[in-house]
Amino acid sequence: MAKDSNKIAYREFGEEEPEIEVSELPPNQHKLKIEASRKGKGGKTVTIVSGFQVSPETLISLTKTLKNQCGAGGAMKDNTIEIQGDHRQKLLEIVTKLGYKAKLSGG
């Protein structure tokens, strides 16, 4: 019997995983949701923009732009952007000007 030397029986931690391709949609095909939340933030309000289907590089660039426009801190987590404070209306105007379709969510 001949052994197949191409099969992987064991993989060491830290080895490179194959990258998953993300299909990047144009801005006008996104359906973004903008909401304010306090859950898990220690009582502080953050505005969450979700629904992106873009590459991580594009999301990082967009996060930086939105933070600068709002004059607030924020972060990118799991294909969502979190901006500190309640900036729902301002973010709606900004992403609409950038060509995204967005709507406010929550109360």
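Five strands form an open sheet in the order 3-4-2-1-5, with mixed pairing. Strands, like helices, are DSSP runs numbered from the N terminus (strands E, at least two residues; helices H or I, at least four). Two strands count as paired if DSSP finds at least two bridges between them. Strand 3 (74-77) and strand 5 (101-104) stand at the edges. Each has a single partner strand, so one side of each lacks a neighbour in the sheet. From one strand to the next, the twist averages 20°. Axes here are lines fitted to C-alpha atoms, for helices over the stretch in contact, and angles between N-to-C directions run from 0 to 180 degrees.

The model is predicted: local features need pLDDT of at least 70, side-chain atom pairs count only at pLDDT 80 or more, and totals for chains, interfaces and linings use all residues. Residues are numbered from 1 along each chain as its sequence is written, and side-chain values use heavy atoms, with hydrogens and water left out.

The chain holds two helices and five strands. Along the sequence they follow the pattern β-β-α-β-β-α-β.

Strand 1 (residues 31-37) runs antiparallel to strand 2, joined by five bridges. In this pairing, I34 stands opposite V49 of strand 2. Strand 1 is also joined to strand 5, in parallel, by four bridges. There, K33 stands opposite K103 of strand 5.

Strand 2 also pairs with strand 4 (residues 80-84), antiparallel, over five bridges. T47 has I83 of strand 4 as its bridge partner. Strand 2 (residues 46-50) is mostly covered, with five of its five residues buried. Buried means under 20% relative accessible area, with a 1.4 Å probe and protein chains only. V46, I48 and S50 point one way from the strand, T47 and V49 the other. In a regular strand, side chains alternate between the two faces of the sheet.

Helix 2 (residues 88-97) lies across strand 1, strand 2, strand 4 and strand 5. It runs at about 165° to strand 1.

Of the 107 residues in the chain, 27% are buried. The accessible surface comes to about 8000 Å², and carbon and sulfur atoms supply 50% of this. These areas come from the Shrake-Rupley method with a 1.4 Å probe. Among contacts (heavy atoms within 4.5 Å) between residues at least 6 apart in sequence, 50% join residues at least 24 apart.

Conventions. Buried means under 20% relative accessible area, exposed over 50%, partly exposed in between (1.4 Å probe, protein chains only).
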